[in-house]
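Subject: A structure to look through

Hello,

Please find the structure below, with the sequence beside it.

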Amino acid sequence: MASKTPPKPKHSLEFPLTWEELMKSVEFQKQLCGDVLQDYILQQRWYGGKASKLKYIDVLDYFSVQNESDLYYGLVIEANYVEAFVQDYFLPLGLVKHPDAVDGNIIAHIKLNEEEFWLVDASLLESFRKMIFEKITEGNKTKHQHLEYRRGRKCLDDDYTSSRFLGVEQSNTSVVYNEKYILKFFRRLYVNHNPDYELSKYLTNKGQFENTPGYAGSITLKFSDKNVMTIALMQEMIPNEGDAWDYFSKNIRKGIQAFNASKRDLAKIQKLSPLQQINENEVDAQLTELFGKSFFEDIETLAHRTAEMHVSLGMERINTEFTPSGYSYDYTVWLKNRLVYMLDNRINLLENNLHKLDGLALDLAQALLSNKKEVKKRFLDFDENRLKGERIRVHGDYHLGQVLVNERDFYIIDFEGEPESTIRDRKVKQPPLKDVAGMFRSFNYAIYASIFNHQDEHNKSIEEHFELAELLYDQMVGVFLYTYIDYVQSHNLNIGYRKEIEFLLHYCLLEKAIYELGYELNSRPRWAIIPLKGISSILNPEQHESSTSL
Ligand SMILES: Nc1ncnc2c1ncn2[C@@H]1O[C@H](COP(=O)(O)OP(=O)(O)O)[C@@H](O)[C@H]1O
Ligand SMILES: O=P(O)(O)O[C@H]1O[C@H](CO)[C@@H](O[C@H]2O[C@H](CO)[C@@H](O)[C@H](O)[C@H]2O)[C@H](O)[C@H]1O
């Protein structure tokens, strides 16, 4: 059979060098970093700098990944932006004879000593993936320049049998090995260990938290100045039926459909005050009929797993990276600076994007703009002297999409932290209730997304749906809090006294909703209505008597 005609390359390079000599060539690095990579990375899903103007790219560092027969390079490329900031990315480089080997997904055509090749992302090549697995399973038996391959406790295989791309929408690149492990190549690199690696290793080796993928290995780049970068993390693969966002959204939608088909009087449903705790058996009978008893049992299980995660993260007494801390003046200064900066950014972004909003979203946006002083005041109303609980390392970006579902149990993944924050900020110990607030915002999102996305299925007014939404949200929160607080308190994690818990939750809910407003305005403005509605209820809980101050 005739082979396919090679694609006409956009970029063609030529060097009188071998592949082994190529990376040492300054001229090659210069040409690669010019149009070749500038064009290539713009097409990649993992490239997060698309909204900024690229000035130039540099190779910050590179390393070889090799055995007796094959050689690949791992590149740390630094993207420099006109807006005066830089981002580092990981790009593994390989060389193939035929572009068919990678389905035409090539970086450039290259002639080396008159011989024709194609430069490709090495993760597309099975031989590269196999070599990576073998080096991780071999662990630190072999020394590799400034690269460290580690085998984790949960890696039980010595032999490679298969590899494939995970094939999900994601910001990194994940490979499934032997249908048992998932290796995530971090695309965006940071100086310092990635929190995903640190927390995964800790939870497996020390915390013994079972409802997260076990740590199976990693690759770390070590610089001569002692700085490090996490290149990859390998974990157990968790069999799953999808994530908790899809799981709960599906059940919420069904409940809302049942509500539309019924003659239910919302005034008869028990109204809780915000953050009022209830036992799963105390959920209003009408809500149980609409959403199912199992729906609230699932919330209970999720709360239980979240509490176990926090107890595990807060139990360390030796390694200061993990030992709990109290509240301090330094923390307060850091927090307030950060939140005021974020708020100013969101207000600015909102002003610039008002033209993208209409109807209720626009009304809520205008209300927020006139209320910005009140939000700032709330952010500044944080007094460490009145807080008695502990701060610990937290998940940091906790929402339903970070939880996998299997047989009505939940597994928590992706401890990379909040994507907008610097790596240092992600490692600051925080009140565990920050994660809880993140999950509550996610409940709120799932309810309102179900309402806004399926309006064609409704025969009741939007106001009635909003009323149902608030009733449901308060009961989901009530069940979660009851289970969560009971578990952490009986396992010696100090999250503060009752008023402190309420204060921190209100504080973190507002923080998260303001954060979300930026995320939505930048990536899906149609959804901005959800955090806008959330901010409005957090700021005006007038129908509820609970106080937000200490
Ligand atoms: N250990 C695992 N077991 C099974 N599936 C996983 C595992 N880790 C990740 N996934 C799947 O991969 C997706 C992306 O993983 P995630 O860690 O969030 O990557 P990224 O940081 O690139 O967004 C998850 O939503 C999930 O579907
Ligand atoms: O990409 P990440 O998962 O790290 O997180 C970012 O994207 C999330 C959306 O995928 C965003 O989450 C927001 O939307 C979710 C529904 O899609 C909702 O469940 C979350 O509560 C809400 O915050 C997250 O904020 C952002 O960091």
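A crossing of two helices is called left-handed if the near helix is turned anticlockwise from the far one by less than a right angle, and right-handed if it is turned clockwise. Helices (H or I, at least four residues) and strands (E, at least two) are DSSP runs, numbered from the N terminus.

Before the findings, please note that this is a predicted model, in which local features need pLDDT of at least 70 and side-chain atom pairs count only at pLDDT 80 or more, while totals for chains, interfaces and linings use all residues. Residues are numbered from 1 along each chain as its sequence is written, and chains are lettered from A and ligands numbered from 1 in the order in which they are written.

The domain assignment, whose bounds come from an automatic or database source, gives domain 1 (12-122), domain 2 (127-236) and domain 3 (244-539). Between the C-alpha centres of domain 1 and domain 3 there are 41 Å.

Ligand 1 is surrounded by 19 residues, the closest being Gln170, Asn172, Pro213, Ile238 and Asp414, where a residue counts as near if its C-beta atom, placed from the backbone, lies within 6 Å of the molecule. Because domain 2 and domain 3 both give residues to this shell, ligand 1 lies between them. At least two residues of the shell come from each of the strands β10 (181-185) and β13 (228-236).

Turning to the helices, α8 (residues 329-353) and α14 (residues 498-523) have axes that come within 9 Å and cross at roughly 40 degrees; such axes are lines fitted to C-alpha atoms, for helices over the stretch in contact, and the angles run from 0 to 180 degrees between N-to-C directions. The pair is therefore oblique, given that angles under 35 degrees count as roughly parallel, over 145 as roughly antiparallel, 65 to 115 as roughly perpendicular and the rest as oblique. The crossing of α8 past α14 is left-handed. Among the residues making this contact are Leu339 and Met342 of α8 and Glu511 and Ile514 of α14, with contact meaning C-beta atoms, placed from the backbone, within 7 Å.

A second pair, α5 (residues 244-261) and α12 (residues 433-453), has axes that come within 9 Å and cross at roughly 55 degrees, and α5 passes α12 in a right-handed crossing. In their contact, residues of α5 including Trp245 and Phe248 meet residues of α12 including Ala446 and Ile447.

Best wishes

Key: Two residues are in contact if their C-beta atoms, placed from the backbone, lie within 7 Å.
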